[in-house]
Amino acid sequence: AVATAAESTAPAVLGVPGVLGVPGQINLDYAATAPCAVAAAEAVNAILPWYASVHRGAGALSQRCTLAYERARQTVADFLGARAEDHVIFTRNTTDALNLLASALPAGTTVVTFGGEHHANLLPWPGHPLRLPVPSSPGAAVRSLGEALAELRRGPHAPAHILVAVTGASNVTGEVWPIAELAAVAHRHGARIALDAAQLAPHLPVDVAALDVDYVAVSGHKLYAPFGAGVLAGRGDWLDAAEPYLRGGGATTRVGAGTHDVTWATGPARHEAGTPNLLGAVALAAVCAALQVADRDTLRADEERLVARLRAGLASIPGVVELRTFGPDAERVGIVSFAVAGRDSSAVAAELGREHNIGVRDGLFCAHPLAKRLLSEASARSGLTLPPTALRVSVGLGSTESDVDALIAALG
Ligand code: PMP
């Protein structure tokens, strides 16, 4: 966590949280893992001398760590716009958060997702989740969800509970999903909704209460904080009634002599057994605090300009075809995927890294059903034969026009 001056990138503009980087290396893979924010590194450095157990010791160091951990929880809650009664549970990442929620669903819950989800939001759900087809527009997503929920409710075997699980922004196309509208439809049909904000939260403000979503999941490492810290925030009733996600110290209020004689805690502690990840929580909270005081409208406008430049540059290269679900003008965060006709995507990515010091991602981006479908649609749209996997470029805090221009020049 200790950054040397040579490795740090100073904030380009006042009020923009700075991120760490290595001179000469162009990172265009923020969607996989964003660079570490200076604020995160500083917060870690500040707490390191106080390093002691959280929730366990009586000494001053331990008390300070406990306070820092619980303050971090509150900062993250504020950043996500959580309601006062929501539980904010620290997890390892979004995958962990969604698996925790999956483990806490009451019996008789049917989960509804779209085929465009990341595997983390497709695979954890128990029973027989209903997977709706990838919609062609945000409006179509809202209509399709409404029809599916009405149908589920009408059927002879209407489920006791329904949870809709959707992404806020696609990790393949960067397209932003109509979360407030989907939440309204879900609630109209008596369903709950969980938001996978892994890709949304780093780019746009997420307000759980204003969007009226029941749960939200984020990953610290995509939010300019270190690996190993994520969050599940949301309604406490199912979470308090569920079996603990992890069993062990910290999750109980009383343990008797009998093997199963245990009283489990309620609240976040119920699902956070074991010594918690203090550094991860503190670092994540530091980024949340930095983003909350940043001018996010300006950050967003800068990002939109960068994405427009990137897309225009890609469109100018013969054989490059963009992947998209909703159409060319859909709102998107700083993520663009594409394929190059006649070129193997992993070979292109490897060459960008080796010859140009540019890091991008290739593959199907842990969203195989969506990426395969979009590749075949892109091929049909362009009339070009595309490779079976794609390339993804993603930007964020600290990305510059010259990063994008270097990529376009190298690709060209
Ligand atoms: N959802 C989305 C939309 C993602 O992009 C990712 C990460 N690529 C995840 C969930 C899973 O995040 P993590 O690997 O941090 O658990």
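What you have here is a predicted model, where local features need pLDDT of at least 70, side-chain atom pairs count only at pLDDT 80 or more, and totals for chains, interfaces and linings use all residues. Numbering runs from 1 along each chain as its sequence is written.

Let's start with the whole chain. Its secondary structure comes to twelve helices and 15 strands, taken as DSSP runs numbered from the N terminus (helices H or I, at least four residues; strands E, at least two). Along the principal axes, the C-alpha trace spans about 70 × 65 × 35 Å.

Domain 1 brings 33 residues to the contact and domain 2 brings 30, with contact meaning C-beta atoms, placed from the backbone, within 7 Å. On the domain 1 side, α9, β12 (335–340) and α11 (368–382) each give two or more residues, and α11 gives the most, with five.

Helix α9 (residues 296–315) also has a partner in helix α12 (residues 401–411): their axes come within 10 Å and cross at roughly 10 degrees. These axes are lines fitted to C-alpha atoms over the stretch in contact, with angles running from 0 to 180 degrees between N-to-C directions. The two helices are therefore roughly parallel to each other, a label for angles under 35 degrees. Here L306, R309, L310 and G313 of α9 meet E401, V404 and I408 of α12.

Note on methods:
Parallel < 35°, antiparallel > 145°, perpendicular 65-115°, else oblique. Contact = placed C-beta atoms within 7 Å.
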